[in-house]
Amino acid sequence: MPQNLERAIPLRSVRTKNSSKDWTSDSDGSDKFEWDSDGEAEASSAPAMRNFDAPGPSTLSSNGWINGEPPPTSLIEGYVAMGFPKEMVVRSSKEIGHGDADALLELLLTYKALGDDDDALGNHSTSGCNLPIVEDDDDLDFENWDGDDDTGGRESSSDDSGYEEFLREMSDKDEKINSLRDMGFSEDEANMAITICGVDADLSVLVDSISASQVTEVCHSRNLSDHQVTARCFDSFGGKKRARLIEESKKKRKRYGGGAQGKRPSSDGSDEESMPLPNPMVGFNLPGYRGPSMTRVLPELATGPPYFYYENVARAPKGVWAKITRFLFDIQPEFVDSLHLCAAARKRGYIHNLPTENRSPLLPLPPKTIFEAFPHDKKWWPSWDQRTHFNCLQTCTASAPVTERIQQKLSSSGNPPPQSVQKYVRHQCSKWNLVWVGKDKAAPLEPHEMEYLLGFPKDHTRGFGKTQRYKSLGNSFQVDTVAYHLSVLRDMFPNGITVLSLFTGIGGGEVALHKLGIHMRAVVSIEICKANRKILRSWWDQTQTGTLIEIDDVKSLKDDEIASYVHRFGGFDLVIGGSPCNNLAGSNRHHRDGLEGEHSSLFYDYFRILNSVKSAMANM
DNA sequence: AAGACTCGGATACTTCTT
DNA sequence: AAGAAGTATCCGAGTCTT
């Protein structure tokens, strides 16, 4: 749900500038909600995540920095704000440079995970250093099995003595890598297996891991969905705590030099980057769209507890969903257009590890067409406006002059109006989701009408400014859609569930659970917008008896605090949330730079926190 | 080839609130 | 008077569908 870009950016330290609102709350001030983002504003502060395009060859200069330049202080601070030790950031930057935010983050996460998992390794352990620097082939981590280019590769030498020591400490890992190479595996494979299984894993376990990865790769290359990969593939993996490592290992590099919009050349062509959207966009199944019954089997490491549910816009820039998928355990997204469930389109992708059988829709069923939703408007609806559904409800609405111009054009033409006028009016109506509320009078939806279409209780957002309400609603879940997916939890948790809700917004997930009759014993909610927090609190106090804890800044939620909540509530049954889409949404003309952009860190927060929860629960 | 669609952002201005 | 909030207008392109 909610969120803004602002939050995306780490820097609390930087907050100063924009004063007014604290970053924790949305950018707009009052309301910003859910995911989206409005956040670009902060960009300036955002340190780090910029990637420069030129992929040129990386070279290690005499000062120990790749490409010869130390990272800007702001960049380091940005990662430190994300929770990484400064020393680790510096070291990582030296290893792979700071130009590629994706690679750098990946390496940091790997280091961190390894360090967390195995103290014996120490921070340095990470041999992550052996991780290949930037490979071109990217995405497919499991891809280049054959090429072991890396080996000799990296002359990482460098003058940095600290770095060398670091390398020395990795001897244990190197030894295993050598053994695996002797067995015919590439260094990449060996590295990945160690990343996944841990440096202390037996050689046989590492071998099994590589074999399992190869199976996965084969499945992917055949375009099989994840559910077709048997869990058996992953049985050999280590403990659950390793779960978070998986992704990191998976995402091995997708970097491309291109700019944000990234069209990456895609060396091999086809494949990963492309993740075609289904048509019709009905997900794995929908009421009334019974396709072939499918049962998916998730990799063991992807299964709960906790269950998790991640959402974002379906039409993100190319490569974004492929990347998100890699982070989230290679689970294939379920793309659904809420158009099939209610009267408004809403094309979204959902990555979750919930069962997909025996779902049930919320009752009563919501109106599925505009006329069912607003029968009163039928009286004024011109026959040449044949819309039956609204387009995606967004955060911005038409200004009054739009209505005025439409009215003026229609009143000055006959009936029916000429084609040119019809075309203009139809375009405006589609663009702004206008409804006919009077003779020749097309007006924007009111906030309460949007609440209705999105499945929220009446007046859910009432009491706040209209602009804020539009913004919050535009960034929200479509409750019926999400509830359909979450409905499987009802029978699984008859005594209620505990929820960690990221980017909560106005509580679309919570409302869905409530409408499903699922008791929430406790909800820990992270939402930057003050107005949204108030909206959730207000609704909670009126409808719930469980515990609600609201946190404003996702960046402040660190591992130890997560662990304390896990301990306090006995773990979380569900981690739910969408991440801001400011830089993903097509409507954004300014900074649609996907996950490569400067404001894309919120997704990584989701990822980070999810893995932190998994890790804490594994240690319970 | 043309059309349709997209959880948006920056800015200037006006209006409301403190 | 100053700040907060609301209003209006500007701003395209990537991707998919027809």
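## Strand pairing: β4 and β5

Two strands pair if DSSP finds at least two bridges between them; helices (H or I, at least four residues) and strands (E, at least two) are themselves DSSP runs, numbered from the N terminus. With that in hand, look at β4 and β5, which run antiparallel and are joined by four bridges. Tryptophan 436 has alanine 442 in β5 as its bridge partner. The hairpin leaves two residues between the strands, and aspartate 440 takes a positive phi near 60° there.

β4 (residues 434-438) is mostly covered, with four of its five residues buried. Here buried means under 20% relative accessible area, exposed means over 50%, and partly exposed is in between (1.4 Å probe, protein chains only).

## The model as a whole

This is a predicted model, where local features need pLDDT of at least 70 and side-chain atom pairs count only at pLDDT 80 or more, while totals for chains, interfaces and linings use all residues. Residues are numbered from 1 along each chain as its sequence is written, chains are lettered from A and ligands numbered from 1 in the order in which they are written, and side-chain values use heavy atoms, with hydrogens and water left out.

Chain A comes to 21 helices and nine strands, and buried residues make up 60% of its 620 residues. Take the contacts (heavy atoms within 4.5 Å) between residues at least 6 apart in sequence: 76% of them join residues at least 24 apart.

## Around DNA strand C

A residue counts as near the strand if one of its heavy atoms lies within 4 Å of it. There are 15 residues around DNA strand C, and Ser399, Ala400, Gly465, Gly586 and Arg589 come nearest.

Some polar contacts (pairs of N or O atoms within 3.5 Å) are worth a look. Serine 399 puts a polar side-chain atom 3.1 Å from a phosphate oxygen of DNA strand C, and a backbone N or O atom of alanine 400 lies 3.2 Å from a phosphate oxygen. Arginine 589 goes for a base instead: an N or O atom in its side chain is 3.2 Å from a base nitrogen. The elements giving two or more residues to this surface are α12 (400-411) and α15 (466-474), and α12 has the largest share, three residues.

## Helix α14 and what follows

Helix α14 (residues 447-454) has six of its eight residues buried: Pro447, Glu449, Met450, Glu451, Leu453 and Leu454. Their cover includes α11 (370-373), β5 (441-444), α15 and α16 (479-486).

Just after the helix, glycine 455 takes a positive phi of about 90°. In the loop between α14 and α15 sits aspartate 459, which has a positive phi of about 65° although it is not a glycine. Aspartate 459 is partly exposed, at 29% relative accessible area.

## Cores

A nonpolar core is a set of buried Ala, Val, Leu, Ile, Met, Phe, Trp, Tyr and Cys residues joined through side-chain atoms within 4.5 Å. The largest one has 63 residues, and those with the most contacts inside it are Phe390, Trp436, Leu486, Leu489, Leu513 and Leu574. Its largest share, five residues, comes from α16. Apart from it lies another core, of 47 residues, among them Trp321, Phe503, Phe607 and Ala616.

Phenylalanine 503 has a positive phi near 55° and is buried, with a relative accessible area of 0%.

Technical notes:
Polar contact = N/O pair within 3.5 Å; in protein donor to acceptor, adjacent residues only side chain to side chain.
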